[in-house]
Structures are given as structure tokens and as C-alpha cells.
Amino acid sequence: MLLQTVAIVISYLLGSISFSVLFGRLLKGVDIRQHGSGNAGATNTLRVLGKGPAIMVLVLDVLKGVLAVWIGYWLGGDSEWLPALTGIAAIIGHNWPIYFNFRGGKGIATAIGVLASIALIPALLAGVIAILSIVITRFVSLGSLIFVILTPWMMLVLGYSWPLFWSGVIICLFAVWRHRTNIVKLMKGQENKLGSKGGNHRV
């Protein structure tokens, strides 16, 4: 039990590393949370710092999720729950980072890493549909929601275990809650599209 608890704590601390905040400070000497959408995430990094830093933030945030899941595999033995819980802990860390006054992003990039690590095929299938929706509509928030909603249902259809399915549902609920303002804006036709300078979508 102690080892599992340590794994979850380490994953939370890993998730709390906010690369968008660090890049903002390093490259421009700014707190990225005070610019653009006011959020510490890849989408706002694109708006404030440009494509190169945004790609780096996206990749590093995804890798946080991957590494957290593998910490669970390494320390959890045969447990199916621990890799999922360490992944969720990393997402919580990204959303509420202890190093940065608990002000983080919405966890989609880290969720991509987590879901791809525990259920690769469902995540790939959902990811293709999500990317197509972003290409067609240019709404990153919509694509993000499609990804997190479809992945657990793909897991269910493809016969993944109940622990993994329910972990996917928990990740989905986190993402939907964090995107609640974006959902309202989408319904009102007020959501900003990819490439716009404003917006409040957080990844």
C-alpha cells in the first residue's frame, strides 16, 4: 500500500510541472497565465509564444501522462488500477499544480498520454475523430471533448477491463468539468477558433 501511495504522489508531482509556465518565464519572462486565455496549456502557449514552444509544451505534457502510467506499471505489479490512478494523479497535477499556486490547464494533453498508455487502440480511434473535428471546425475545445468522451466508450466496445473503462470515465468527467465554460461558449457560438488571439480554452 505504501508503494502504491508513493507512486500516486510522485505522479501528481510530475503532473504539476507546468511546462507552459516554465517556457513563458524562460522565453519571454512572463507568466503565461496573465496573457492570452490566461491558461497554462499548449493552446495558450501557441497564442502567446508561438508554434515551436506550443509543440514542445504539447509533447512534454503528453509525456507526463505516459510516464505517470508507467510509474504505475512499474510499482503496481499486476494491478490494473494503479497505472490508471497514477495517470489520473498526473492529470490532477497538471490541472492543479502544487508548484504554481494550483493554477494549471485543463489536462487534455496529459490525458492523451494517459489514455494512449492504458488503452492505445481506443485512444487512437477517438483521436482520429477528434483531429478531424478540429480540422473541420477549428474548435480545439470540441476536439478535446470528443476525444475524452469517445475513448472510454471505445474501450467498452472493444472489451477493455472495467478498471480501465471506469478510469477513462473519470478522466472524461474531469475534462468535461474543466471545459464547462467552453461548452457554454460552443452552444452560444462564441467559442474562439484555433489561431485566434483570444479565447479561454485550456489544454
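Before I looked at any pair, I reminded myself what handedness means here: a crossing is left-handed if the near helix is turned anticlockwise from the far one by less than a right angle, and right-handed if clockwise. I also kept in mind that this is a predicted model.

**Entry 1: H6 and H8**

I started with helix H6, residues 108-118, and helix H8, residues 140-157. Their axes come within 11 Å and cross at roughly 30 degrees. Angles under 35 degrees count as roughly parallel, and H6 and H8 are therefore roughly parallel to each other. I noted that H6 passes H8 in a left-handed crossing. On the H6 side, I found Ile 108, Ala 111, Ile 112 and Leu 115 making the contact. H8 brings Ser 144, Phe 147, Val 148 and Thr 151 to it. Sorted by class, the residues of this contact are 6 nonpolar, 2 polar and no charged. The spacing made me recall a general point: an α-helix has 3.6 residues a turn, so residues three or four places apart point the same way.

**Entry 2: H6 and H9**

Next I turned to H6 and H9, whose axes come within 11 Å and cross at roughly 170 degrees. That makes H6 roughly antiparallel to H9. From H6, I listed Ile 108, Ala 111, Val 114, Leu 115 and Ile 118 in the contact. From H9, the partners are Leu 164, Gly 168, Ile 171 and Ala 175. I counted classes here too: 8 nonpolar, 1 polar and no charged residues.

Where does His 179 sit? I found His 179 in the loop between helix H9 (162-178) and helix H10 (180-188). His 179 counts as buried because its relative accessibility is 0%, and buried means under 20%.

**Entry 3: Thr 86**

I then looked up Thr 86, which belongs to helix H5, residues 81-95. Is Thr 86 buried or exposed? Thr 86 is buried, with a relative accessible area of 0%. Its side chain reaches the backbone oxygen of Ala 68 at 2.8 Å. Leaving aside neighbours within four places in sequence, I listed Ala 7, Ile 8, Ser 11, Ala 68, Val 69 and Gly 72 as contacts of Thr 86.

**Entry 4: H2**

Last, I checked helix H2, residues 19-28, where Phe 19, Ser 20, Val 21, Phe 23 and Gly 24 are buried. Helix H3 (42-49) and helix H4 (51-76) are among what covers them. Gly 29 follows H2, and I noted its positive phi, near 65 degrees.

Note on methods
Residues numbered from 1 in each chain as written. Predicted model: local features only at pLDDT ≥ 70, side-chain atom pairs only at ≥ 80, totals over all residues. Heavy atoms only, no water. Axes fitted to C-alpha atoms, helices over the stretch in contact; angles between N-to-C directions. Helix = DSSP H or I, 4+ residues; strand = E, 2+ residues; numbered from the N terminus. Parallel < 35°, antiparallel > 145°, perpendicular 65-115°, else oblique. Contact = heavy atoms within 4.5 Å. Nonpolar A, V, L, I, M, F, W, Y, C, P; charged D, E, K, R; others polar. Buried < 20%, exposed > 50% of the residue type's maximum accessible area, 1.4 Å probe, protein only. Polar contact = N/O pair within 3.5 Å; in protein donor to acceptor, adjacent residues only side chain to side chain.
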